[in-house]
Amino acid sequence: MAVTTERLSWIFLSALLLYLAEHLFWAIGVRRGAHRPEQPALPALDPSAEATADLSVYPHCTVLVCARDEEHNIERCLESLARLRYPASRLQILIVDDKSTDRTPQILEAWKAKLPNLTVLRTGEEVMHLRGKVNALTQGMDVATGEYVMITDADSQVHPDWVREYLRY
């Protein structure tokens, strides 16, 4: 089948229209994002004054971390989560241990004494035939109690203001 000049013209015109439509949608998105009202920043929180602060402005949040055989990384992750500048009483740190075979479960148990808002869940049977991380995330979401859920990896470290900045969007 030979490609005619007319057919090439239609292909070129279709590609050009798709290109222009993509840029139009991008421009609309940029314009809408530029006019989005700024979310008020959460008030600064002095951890020593948490007992007397008005915590009702802080929504209850969950940080969800899935871990499997992360004995070399989980401590750094937990240290960064312990440094979060967010009221501990309004923050659930949920680690889903996906059947680790190394020292990850023992490390998590030791951290439960250091971090009172830490919840450790060990994955059970597969949910809806899901496996691996997807299964761990699904089981973690079922247990999460926060109005907002932030997800990070066990080999990651977060900034102390991560939750507060996340909530601005």
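Visitor: What pattern does the protein follow along the sequence?

Guide: In this predicted model, reading along the sequence gives α-β-α-β-α-β-α-β-α. That comes from five helices and four strands.

Visitor: What makes Cys-77 buried or exposed?

Guide: The cut-off for buried is under 20% relative accessible area. Cys-77 comes in at 1%, so it's buried. Cys-61 has 0%, so the same label goes to Cys-61.

Visitor: How many disulfides are there, and what decides it?

Guide: The count is zero. To be listed, a pair of cysteine sulfur atoms has to be within 2.5 Å.

Visitor: Which residues of α2 are buried, and what puts them on the same side?

Guide: In α2 the buried ones are Ile-74, Cys-77, Leu-78, Ser-80 and Leu-81. They span an arc of only 160° around the axis, and therefore lie on the same side of α2. Their cover includes β1, β2, α3, β3 and β4 (148-153).

Visitor: What about α3: which residues are buried there?

Guide: Thr-104, Ile-107, Leu-108 and Trp-111 are. Their arc is only 100° around the axis, so they sit on the same side of α3. Among the elements covering the buried residues of α3 are β1, α2, β2 and β3 (118-122).

Visitor: Why do you say that the charged end of Lys-114 sits over a ring?

Guide: The ring is that of Trp-111, and the charged end of Lys-114 is 4.5 Å from its centre. The distance limit is within 6 Å, so 4.5 Å passes; the rule also has an angle limit, within 35 degrees of the ring normal. Lys-114 is listed as sitting over the ring.

Visitor: How many aromatic pairs are there, and why is Tyr-58 with Tyr-86 called edge-to-face?

Guide: The count comes to two aromatic pairs. For Tyr-58 and Tyr-86, the ring centres are 5.4 Å apart and the planes are at 90°. Pairing needs centres within 6.5 Å, and edge-to-face needs planes over 60 degrees apart, so this pair gets the name. It also links distant parts of the chain: Tyr-58 is in the loop between α1 (5-34) and β1, Tyr-86 is in the loop between α2 and β2, and they're 28 residues apart.

Visitor: Are those two tyrosines buried or exposed, and what makes them so?

Guide: Tyr-58 has a relative accessible area of 1%, so it's buried. Tyr-86 has 5%, which is also under the 20% cut-off, so Tyr-86 is buried as well.

Visitor: Why is Asp-69 called partly exposed?

Guide: Its relative accessibility is 34%, and the label covers values between the 20% and 50% cut-offs, so Asp-69 is partly exposed.

Visitor: Where is Lys-99, and what is its phi?

Guide: Lys-99 is in the loop between β2 (91-97) and α3 (104-114). Phi of Lys-99 is near 55°, again a positive value in a residue other than glycine. With a relative accessible area of 35%, Lys-99 is partly exposed.

Technical notes. Residues numbered from 1 in each chain as written. Predicted model: local features only at pLDDT ≥ 70, side-chain atom pairs only at ≥ 80, totals over all residues. Heavy atoms only, no water. Buried < 20%, exposed > 50% of the residue type's maximum accessible area, 1.4 Å probe, protein only. Helix = DSSP H or I, 4+ residues; strand = E, 2+ residues; numbered from the N terminus. Phe/Tyr/Trp six-rings, centres within 6.5 Å; stacked < 30°, edge-to-face > 60°. Arc of directions from axis to C-beta. Contact = heavy atoms within 4.5 Å.
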